[in-house]
Amino acid sequence: MQFEAAKAAAPYMHPRLTSVQMNATLKRSAADYTDDELRAIAGGSAEGSED
């Protein structure tokens, strides 16, 4: 009887994972990024750097 109760409660305690289809294509050239954005992508610090 406890097993049946646990089986009935499981969907409320542990929801099933579902897949999601996502179409996120970014079309941005390197020239469209600011210097700060390019530094962030490269892993550098944007603060305190002067060119």
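1. Helix α2 (residues 35–42) contains both arginine 39 and aspartate 36, which are three residues apart, about one turn of the helix; helices are DSSP runs of H or I with at least four residues, numbered from the N terminus. The side chains of arginine 39 and aspartate 36 form a salt bridge at 3.1 Å, N to O, the criterion being a side-chain nitrogen of Lys or Arg within 4 Å of a carboxyl oxygen of Asp or Glu. Arginine 39 is buried at 18% relative accessibility, whereas aspartate 36 is partly exposed at 44% (buried: under 20% relative accessible area; exposed: over 50%; partly exposed: in between; 1.4 Å probe, protein chains only).

2. This is a predicted model, in which local features need pLDDT of at least 70 and side-chain atom pairs count only at pLDDT 80 or more, while totals for chains, interfaces and linings use all residues. Residues are numbered from 1 along each chain as its sequence is written, and side-chain values use heavy atoms, with hydrogens and water left out.

3. The structure holds three salt bridges. One of them joins glutamate 4 to lysine 7, with the closest N and O atoms 3.7 Å apart. Both residues lie in helix α1 (residues 2–13), three residues apart. Glutamate 4 is partly exposed at 47%, and lysine 7 is partly exposed at 49%.

4. Arginine 28 takes part in two contacts. Its side chain meets that of glutamate 37 in a salt bridge of 3.0 Å, N to O. Arginine 28 also lies over the face of tyrosine 33, at 4.1 Å from the ring centre (cut-offs: NZ of Lys or CZ of Arg within 6 Å of the ring centre and within 35 degrees of the ring normal).

Note on methods. Helix = DSSP H or I, 4+ residues; strand = E, 2+ residues; numbered from the N terminus.
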